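Please open the structure in your viewer and keep the selection tool at hand.

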Amino acid sequence: MKILITGGSGLLGQYLNIELAKNNSILTIFNKNIRNCKDYNSIKLDINDRVKLEEVFGSINPRIVIHTAAISNPQIASHIDPKLVYSTNVIATRNIAELCARFNARLIYISTDLVYAGYRGSMLKEDAKLIPVSFYAESKLMGEVKIKEIFDNYLILRISLLYGFGLYNSHNHFHQMFLNLKSGIPVKLFGDQFRTPIELNDAARIIDELAGKEIKSETINVGGKERLSRFQLGELLCKKAGFDYSLLHKITMDEIRDFPKVEDVSLDTSKLQSYGIIQNSVEDSINKFLLFNNYENNTAL
C-alpha cells in the first residue's frame with residue numbers, strides 16, 4: 001500500500017517508518033529534524049502548509065495517511081503560543097482530513113489517552129467521559145471532532161503512555177530514566193498517576209496491523225495490558241535490568257508545578273483485542289529490548 005506518514009521523525013513516527021516500510025511503499029514527512037527519515041522515502045514539510053500538503057497528496061495519491069505529527073508535549077503546549085498549538089494540532093488535522101476525503105485515502109489519526117476524564121475510574125472504554133485537562137489533550141480531542149465532521153473513512157487511535165528508547169535524539173522519559181539508572185543517578189517517578197503503557201515497537205506493530213484491516217469510523221484504545229504508574233514501570237525496569245531499586249523516588253503530581261494532573265487514564269483495550277490484536281506484556285517488552293541491546297544502537301538522547 002502507499003502510505004503517507006506525518007511526524008515521521010518523531011518518537012513514534014520513526015518506529016512507524018521502520019515497521020511500515022517492510023511491506024508498504026511509504027512517504028514519511030519530517031519538519032525540523034530528519035532523524036531516521038533519511039533512510040526512507042521522505043520529504044521536509046511543515047504540516048501547517050496546506051498548499052504543499054495538497055501537492056504531496058496529488059503526487060503520491062496515498063491509500064492510507066497515518067497522522068502522528070503534533071505539538072505533543074502537554075507542558076510545552078501550555079507554554080507556547082496557543083495559536084500555534086491550535087494551528088498544528090487542530091487546523092492541520094482538519095486540512096489533512098479534507099485532503100484524505102478528496103483523494104479517497106483512509107486516515108489513521110494518533111490521539112491520546114489524555115482526552116479522558118482522569119477521575120472516573122480505571123480501565124476506561126472508548127465511550128468513557130471525555131474531559132481533557134491540558135490544552136494539548138483538548139487540541140487532540142478537537143482534532144478528533146474535526147475528522148468526524150468531514151468524513152467517515154477514519155480510524156482514531158487513542159494511544160496510551162509510550163515507553164522504550166527514542167531514536168536519533170527523539171526525547172523520551174523512559175529512555176532518560178534508563179540512562180540515569182544505568183549511571184546510578186536517582187530518578188523521581190509519579191506514584192499517583194495510572195496508565196496502560198505500551199512499548200514503541202509494539203505500538204508501531206499494532207498500528208501496522210490495524211492499517212491492514214478494513215476498519216473505518218472507529219475509535220480504538222491502544223495501550224498495554226497492565227495498569228501501572230511510572231513508579232511501577234521503573235520498578236519493573238530495575239527488576240529486569242538489575243538496577244538499584246533505591247534510586248527510585250516516588251513523588252506525587254502535586255510536587256510538579258503547573259503539571260496537568262490526570263490521576264487514572266488506564267485503558268480498556270478489549271475493542272482492540274476484538275480485531276485480533278495481541279499486546280506484549282511490559283515484562284516481555286523490556287526483556288526484548290534489553291536482550292537485543294537496542295539502547296546501544298543510535299538511540300542516545
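Within what distance do the axes of helix α6 and helix α8 come, and at roughly what angle do they cross? The model is a predicted one. Select residues 173-182 for helix α6 and residues 230-241 for helix α8: their axes come within 11 Å and cross at roughly 45°.

Next, display the side chains where the helices meet. On the α6 side, select H173, F174, M177, F178 and L181; they meet R230, L233, G234, L237 and C238 of α8.

Keep L181 selected and proceed to the largest nonpolar core, which has 49 residues. L181 is among the residues with the most contacts inside this core, together with I66, L157, L210 and V222. Helix α7, residues 200-211, gives the most to the core, with seven residues. Apart from this core lies another, of 20 residues; L27, L45, L53 and C100 are among them.

Now select V222. Beyond its neighbours within four places in sequence, V222 is in contact with residues including L157, I206, L210 and L272.

Finally, select T6, which lies in strand β1, residues 2-6. Is T6 buried or exposed? T6 has a relative accessible area of 1%, and it is buried because that value is under 20%. The side chain of T6 makes a polar contact with the side chain of H67 at 2.7 Å, and the T6 side chain also reaches the backbone nitrogen of A69 at 3.1 Å.

How values were computed:
Residues numbered from 1 in each chain as written. Predicted model: local features only at pLDDT ≥ 70, side-chain atom pairs only at ≥ 80, totals over all residues. Heavy atoms only, no water. Helix = DSSP H or I, 4+ residues; strand = E, 2+ residues; numbered from the N terminus. Buried < 20%, exposed > 50% of the residue type's maximum accessible area, 1.4 Å probe, protein only. Polar contact = N/O pair within 3.5 Å; in protein donor to acceptor, adjacent residues only side chain to side chain. Core = buried A, V, L, I, M, F, W, Y, C linked by side-chain atoms within 4.5 Å. Contact = heavy atoms within 4.5 Å. Axes fitted to C-alpha atoms, helices over the stretch in contact; angles between N-to-C directions.
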